[in-house]
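This report describes a single protein chain from its fold down to individual residues. The sequence and the model come first.

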Amino acid sequence: MMSKVTTCKIEECHYNKDMKCHADGIEVLSSGTKRVSTSDHTCCNTFKPKEVY
């Protein structure tokens, strides 16, 4: 069973609506460190910038 992402604090992301992630799925990666020990060492690879009109 996949967990549902409920919170997104990246205001510049296209999928963030009212601080909730509305992507169909996400991909989370290590941000380059060899061993991840905190969320600071991760990144959401699903990020898509909001379009600015």
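Along the sequence, the protein chain reads β-β-β-β. It contains 0 helices and 4 strands, where helices (H or I, at least four residues) and strands (E, at least two) are DSSP runs numbered from the N terminus. The model is predicted: local features need pLDDT of at least 70, side-chain atom pairs count only at pLDDT 80 or more, and totals for chains, interfaces and linings use all residues. Residues are numbered from 1 along each chain as its sequence is written, and side-chain values use heavy atoms, with hydrogens and water left out.

Taken along the principal axes, the C-alpha atoms of the protein chain fill a box of roughly 40 × 30 × 15 Å. Of the 53 residues in the protein chain, 11% are buried. Buried means under 20% relative accessible area, exposed means over 50%, and partly exposed lies in between (1.4 Å probe, protein chains only).

The largest pocket has a volume of about 230 Å³. Its lining has 11 residues, and those closest to the pocket centre are Ser3, Lys4, Val5, Ala23 and Asp24. A pocket here is an open set of points on a 1 Å grid over the protein atoms alone, where a 1.4 Å probe fits, with protein on both sides within 12 Å along at least five of seven lines; lining residues have an atom within 4 Å of a point. Grid points are joined across faces, edges and corners, and the volume is the space filled by probe spheres set on the points. By class, the lining divides into 5 nonpolar, 3 polar and 3 charged residues. Ala, Val, Leu, Ile, Met, Phe, Trp, Tyr, Cys and Pro count as nonpolar, Asp, Glu, Lys and Arg as charged, and the others, Gly among them, as polar.

Val5 lies in the segment before strand 1 (16-17). Together with Ile26 and Val28, Val5 forms a nonpolar patch on the surface, with about 210 Å² of accessible area in total. Such patches are made of residues with over 30% relative accessible area and no salt bridge, with nonpolar side chains (Val, Leu, Ile, Met, Phe, Trp, Tyr) joined within 5 Å and like charges within 9 Å. A salt bridge is a side-chain nitrogen of Lys or Arg within 4 Å of a carboxyl oxygen of Asp or Glu. Areas come from the Shrake-Rupley method with a 1.4 Å probe; for residues, only the protein chains shown count as cover.

Asp18 is in the loop between strand 1 and strand 2 (20-21), and Met19 lies in that loop too. Most residues other than glycine have a negative phi. Asp18, not a glycine, has a positive phi of about 55°, and the phi of Met19 is near 65°.

The segment after strand 4 (42-44) includes Pro49, and Tyr53 is also placed after strand 4.

| Residue | Relative accessible area | Class |
|---|---|---|
| Val5 | 30% | partly exposed |
| Asp18 | 74% | exposed |
| Met19 | 38% | partly exposed |
| Pro49 | 51% | exposed |
| Tyr53 | 88% | exposed |

Some C-alpha to C-alpha distances link parts of the sequence. Met19 and Cys8 are 11 residues apart in sequence and 5.0 Å apart in space. For Pro49 and Asn16, the separation is 33 residues in sequence and 9.9 Å in space. Tyr53 and Ile10 are 43 residues apart in sequence, with 19 Å between them in space.
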